[in-house]
Amino acid sequence: MRITTLGSYPKIPADNGPSVRTAIQRFERRSIGLTQLEQTIRDRTHHVIQLAETHRLDVTSDGMIRWNDMFDGVVRDVDNVQSAGLLRFLDNNFYYRHPLVRGRLSFQGGVVRWWLTQAVALSTVPLKAVLPGPFTFLQLSQDDSYHNRQALLDDVVEVLRLEANSLLDTGIQEIQWDEPALAYYPEWNIREVKETLTTLTKNLSVTQSLALYWGSGIHRWIEPLATSGFSRLYLDAVSDTEVVPRLRAEPLPVEVGLGLIDARQVKKESVSELVKQLEPILRVQGESRVWLHPNGGLELLPPDHAEGKVHVLSQVRDAVVTAPRNGGLR
Amino acid sequence: MAETLKTTSVGSFPKPPSLVKARQRFRRQEISLQDLRVAEQEATKEVIRLQETLGIDVLVHGEMERGDMVAYFAENWQGFTESLPVRSYGNRYYHKPVVTDRVNYQGPTGLTVESWRAAQAQTKKPIKGMLTGPYTICDWSFNDFYPDRRSLIFDLAHLVHQEAMALAAAGAEYIQIDEPAISTRPQELDLAIEAMEIVTRNLPAHTISHICYGDFDAIYPALLDLPVKQLDLEAANGQFQLLEILRRVPWPKDKELAIGVVDVHSHRLESVDEVKAGILRALEIVPADHLYIDPDCGLKTRTWEEAVQKLTVIQHAVDQVRKEEGLK
Ligand SMILES: [Zn+2]
């Protein structure tokens, strides 16, 4: 079984390490300069990567320290879309600037690419890029230009593919597409989603994964999206309690990630309980095809608790590795 | 007699630099709690002076004694533990409380009475009593104690009710119970309404609830069942699209609407004309004497100068509308 984190990570330290929050405040008061702000962001990113090293994560994100929200980097890379007013991010007390589409989207690129190039240079752990999926982008943005959902969706897919393509030679080893909107909102045309995501992932020469979190509608996507070009599905098994029984039922043609660590509650999970829940899934899916991760980015937790959750991940992994198993499926 | 069109504010004001400094010094234990309170009172006077100068009708005290609208209650009640900060957007953070025990008062009720009373003593105009609703306190805390959200929300509702009764007993005519989180989960709207019924039961006051940054589409018109006299909603941030949602049903005769006409999370200063256009659109839906005009949300994230500018624009726009529409 392998372990990973999903995306964002607190930009402030649990103790007295580098704080992006303080650096930005100082920068705005002009008591530090650009170089110092940049150095703090790098130090914080480095901390996230060191945490991944310490806990021997198999893949990690860079903590998305530079992103204000899940759209930020992409919005900076695309012309004719801007970060507009603040809106609540699904059911969290967290607010994102909704992308406002003001003309035909075109790809400019460079920002996310530069951010990831920097992060890869700091990392000894395989690093993944985390990008918003087209349906979440569409659902949470405002269209003041196309007035035609299909035309906008087609361009969003194309622009995201261009973004993904621009990242391929940065040294990242995976692109994780985040689609919380598919989990959160109930009404989707399953066929349209499957076809669109198949187009999105087609012929991109990198491992691609799909992360579905923060909704009770996750289980219904497992079957249709198991064959849409993703190497693995990261599934929030806290918000949707149907996920675990589904994964116990039959093997899937794709690797599966279980988001059993609650990234939105401070309550600490019991390692033995988690192992117990995972055992039947490991047996059915095969141990090398199962991942464990939090059910979303860790930035919604205070930094000490975020770190605690990463620790739980590694404890569960270690417990699974050493657990005696009937039939030795390892 | 001409109808009136009133102005108000949502709640928080930016803390003047002198108070920011005093709070820092208090944290470093360089000044006493007494000194901090004096600094807060000075700042409150300034907030009230500003609102009076601008001619605002229903005032707020500005929440100079509060860091965050949820954390303030968590810090002063039992059952909560403070966490390290969590980011809410941009470079804004808050100490998200952790419920680690049964919530209750720490000492006598009436936590908010003293600051309200001190503010009200400064002016003849009404000052709103400001509370945070039980649904929002629950939603913006981590729950590490209660078996479910419902039981936590109901315990909190009783505490907020006591607090509201204490404000009313002190003489607060307007009591605002903010529930910005109410729009978060449409499936829990009934629960939030039930909790508000506990809060406002037998409360002898003009009750208000401020709600912002959510999916109004999903909770309207059901939101009209919230047992308060006035709903205070944000509209400028969403280019006044909220008004299209409000058009769905005729505005109820027994409810008032306060509508946000400037974006409090943007440095951009709105023009008088665009604010005026927003007010005129709102007047198509709600009659003037049931309508209040205010900023989208609390002003604490703006600088003092920005807050003054935004409120001035509102006041100019309202004055023009009053003149043109024959309102008072
Ligand atoms: Zn608000």
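**Conventions**

I am working with a predicted model, where local features need pLDDT of at least 70, side-chain atom pairs count only at pLDDT 80 or more, and totals for chains, interfaces and linings use all residues. Residues are numbered from 1 along each chain as its sequence is written, chains are lettered from A and ligands numbered from 1 in the order in which they are written, and side-chain values use heavy atoms, with hydrogens and water left out.

Helices (H or I, at least four residues) and strands (E, at least two) are DSSP runs, numbered from the N terminus.

**Entry 1: H2 and H4 of chain A**

I took helix H2 (residues 34-54) and helix H4 (residues 111-122) of chain A. Their axes come within 10 Å and cross at roughly 50°. Axes here are lines fitted to C-alpha atoms, for helices over the stretch in contact, and angles run from 0 to 180 degrees between N-to-C directions. That angle makes H2(A) oblique to H4(A). The classes are roughly parallel under 35 degrees, roughly antiparallel over 145, roughly perpendicular from 65 to 115, and oblique for the rest.

Which residues make the contact? From H2(A) I listed A:Arg42, A:Thr45, A:His46, A:Ile49 and A:Glu53. From H4(A) I listed A:Trp114, A:Gln118, A:Ala119 and A:Leu122. Contact means heavy atoms within 4.5 Å. By class, I noted four nonpolar, three polar and two charged residues. Ala, Val, Leu, Ile, Met, Phe, Trp, Tyr, Cys and Pro count as nonpolar, Asp, Glu, Lys and Arg as charged, and the others, Gly among them, as polar.

I also checked the hand, and the crossing of H2(A) and H4(A) is right-handed. A crossing is right-handed if the near helix is turned clockwise from the far one by less than a right angle, and left-handed if anticlockwise.

**Entry 2: H4 and H6 of chain A**

I stayed with H4(A) and moved to H6(A). Their axes come within 9 Å and cross at roughly 30°. The two helices are therefore roughly parallel to each other. This crossing is right-handed. A:Val112, A:Arg113 and A:Leu116 of H4(A) meet A:Glu163, A:Ser166 and A:Leu167 of H6(A). I sorted these into three nonpolar, one polar and two charged residues.

Next I picked A:Val159, which sits in helix H6 (residues 149-167) of chain A. Is A:Val159 buried or exposed? A:Val159 is buried, with a relative accessible area of 7%. Buried means under 20% relative accessible area, exposed over 50%, partly exposed in between (1.4 Å probe, protein chains only). Leaving aside neighbours within four places in sequence, A:Val159 contacts A:Val78, A:Ser106 and A:Phe107.

**Entry 3: H10 and H11 of chain B**

I then turned to chain B. The axes of helix H10 (residues 272-283) and helix H11 (residues 304-325) come within 9 Å and cross at roughly 55°. That makes H10(B) oblique to H11(B). The crossing is right-handed. The contact residues in H10(B) include B:Val275, B:Ile279 and B:Leu283, and those in H11(B) include B:Val313, B:Ala317 and B:Val321. I counted the contact by class as ten nonpolar, two polar and three charged.

**Entry 4: the zinc ion**

What coordinates the zinc ion? I found B:His210 (NE2), B:Cys212 (SG) and B:Cys297 (SG), at 2.1 to 2.3 Å. Donors are N, O and S atoms within 2.8 Å of the metal (3.2 Å for Na, K and Ca); water is not among the atoms, so sites may look incomplete. The donor spacing in sequence is H-x1-C-x84-C. B:Cys212 is in the loop between strand S9 (206-211) and helix H8 (216-219), and B:Cys297 is in the loop between strand S12 (291-294) and H11, 85 residues apart. Both cysteines, B:Cys212 and B:Cys297, are buried.

**Entry 5: loop residues**

I logged a cis peptide bond between B:Tyr220 and B:Pro221, with omega about 10°. B:Pro221 is in the loop between H8 and strand S10 (230-234) of chain B.

A:Asn203 has a positive phi of about 55° although it is not a glycine. I placed A:Asn203 in the loop between helix H8 (190-201) and strand S7 (207-212) of chain A. A:Asn203 counts as exposed, at 71% relative accessibility.
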